[in-house]
Structures are given as C-alpha cells and as structure tokens.
Amino acid sequence: QVQLVESGGGLVQAGDSLRLSCAASGRTGTIYAMGWFRQAPGKEREFVATISWSGGKVNYADAVKGRFAISRDNLKNTVDLQMNSLKPEDTAVYYCAADSLPRGPDYYSDDQSKYNYWGQGTQVTVSS
C-alpha cells in the first residue's frame, strides 16, 4: 500500500504563487508515474499535471501550461506542484495521485483511471 499526503494549499490572491507538495509513504518503491488533479465545486475532477518516474517526461493541462511546474524527488518520495500566476479559476481541491503498475520509468498519464493511489486533497482558493 501507498499513502499520499498533500500540503501547501491555502487562500491567495490572483497573480500569487503557491507550492503544493505530496509526500508518499509505505511501499514507495512501487510508485511510477505521479500526477496532480483538481476538482472545482460542481465540476468533475480534472487532470492538471503528470510526471514520469524518471522525471524526464512531464505533461500539463492546457489551462496551466506555462504557469505550473511539476517536479519529483524519488529519494524523498515527494512530488511538488509549483503554481504561478494563479487565477480564480484555479480554485479547487488539488489531489496527488500515484501509479504503482510497472509501466516503465518514462511512463506518464493524464488519465485518472491509470492511478491507483490518491491523497485526500488540499484546498486552493484564489480570490480576484
């Protein structure tokens, strides 16, 4: 089993930055791709960013490209999401997800169904 705990959320103003962090524990040696997803009130959960185990492959949702950056530290078992130039439409609960199936070091995915471990989420609120 793998446990994921997110941190770093909060209330900020438009244009501000936040850095989310996700700490993994348990069988961390089985983690491959990791991702961030978000769910705004009244909306379905959506993809934000993903990163391969190697860290060499990343992908972003169009809505956050150029503003968000995902990174990971496999020694510390963490994955971070640096969020810059935040907008009110970024307001959501942000979830960290991990894929423990051995798909390879450069595998990454924006498909929620590929992730089998999820954190509890951290709230990000951006005021205008």
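This is a predicted model: local features need pLDDT of at least 70, side-chain atom pairs count only at pLDDT 80 or more; totals for chains, interfaces and linings use all residues.
Student: Let's start with the cysteines. How many disulfides does a search of the whole structure find?

Tutor: The search turns up 1 disulfide. Its partners are Cys22 and Cys96.

Student: What makes Cys22 and Cys96 a disulfide?

Tutor: Their sulfur atoms sit 2.1 Å apart, and the cut-off is within 2.5 Å, so the pair counts as a disulfide. In general, a disulfide is a covalent bond between the sulfur atoms of two cysteines.

Student: And which parts of the chain does the pair link?

Tutor: Distant ones: Cys22 is in strand S3 and Cys96 is in strand S9, 74 residues apart.

Student: Why is this disulfide called left-handed?

Tutor: Look at the torsion about the S-S bond of Cys22 and Cys96. The torsion is about -80 degrees, so the disulfide is left-handed.

Student: How do you know whether Cys22 is buried or exposed?

Tutor: Buried means under 20% relative accessible area. Cys22 has 1%, so Cys22 counts as buried. Cys96 has 0%, so Cys96 is buried too.

Student: On to the nonpolar core. How many residues does the largest one have, and which have the most contacts inside it?

Tutor: The largest nonpolar core has 35 residues. Those with the most contacts inside it are Leu4, Met34, Trp36, Leu81, Met83 and Tyr94. Several strands each supply at least two residues of this core, including S1 (2-7), S4 (34-39) and S8 (78-83). S9 gives the most, with 5 residues. As a general point, in soluble globular proteins nonpolar side chains tend to be buried together.

Student: What does Tyr94 touch?

Tutor: Leaving out residues up to four places away in sequence, the contacts of Tyr94 include Trp36, Leu81 and Met83. Glu6, Arg38 and Thr122 are also among them.

Student: Now the charged residues. How many salt bridges does the structure hold?

Tutor: The structure holds 7 salt bridges.

Student: What makes Arg38 and Glu46 a salt bridge?

Tutor: Their closest N and O atoms are 2.7 Å apart, and the cut-off is within 4 Å, so the pair qualifies.

Student: Are Arg38 and Glu46 buried, or partly exposed?

Tutor: Arg38 has a relative accessible area of 6%, so Arg38 is buried. Glu46 has 38%, so Glu46 is partly exposed.

Student: What other salt bridge does Arg38 form?

Tutor: Arg38 also forms a salt bridge with Asp90, where the closest N and O atoms are 2.9 Å apart. This pair links distant parts of the chain: Arg38 is in strand S4, and Asp90 is in the loop between S8 and S9, 52 residues apart. Both Arg38 and Asp90 are buried.

Student: What about Arg103 and Asp99?

Tutor: Arg103 forms a salt bridge with Asp99, the closest N and O atoms being 2.6 Å apart. Arg103 has 32% relative accessibility, so Arg103 counts as partly exposed. Asp99 has 0%, so Asp99 is buried.

Student: Which residues do salt bridges with shared partners join into one network?

Tutor: Arg38, Glu46, Arg67 and Asp90.

Student: There's a sheet with the order S1-S3-S8-S7. What makes S1 and S7 its edges?

Tutor: In this open sheet of 4 strands, the pairing is antiparallel. S1 and S7 each have a single partner strand, so one side of each is left without a neighbour in the sheet.

Student: How do you know that S1 and S3 pair?

Tutor: DSSP has to find at least two bridges between two strands. Here 6 bridges join S1 to S3, so the two strands pair. Within S3, Ala24 is the bridge partner of Leu4.

Methods: Residues are numbered from 1 along each chain as its sequence is written. Side-chain values use heavy atoms; hydrogens and water are left out. A nonpolar core is a set of buried Ala, Val, Leu, Ile, Met, Phe, Trp, Tyr and Cys residues joined through side-chain atoms within 4.5 Å. Buried means under 20% relative accessible area, exposed over 50%, partly exposed in between (1.4 Å probe, protein chains only). Contact means heavy atoms within 4.5 Å. A salt bridge is a side-chain nitrogen of Lys or Arg within 4 Å of a carboxyl oxygen of Asp or Glu.
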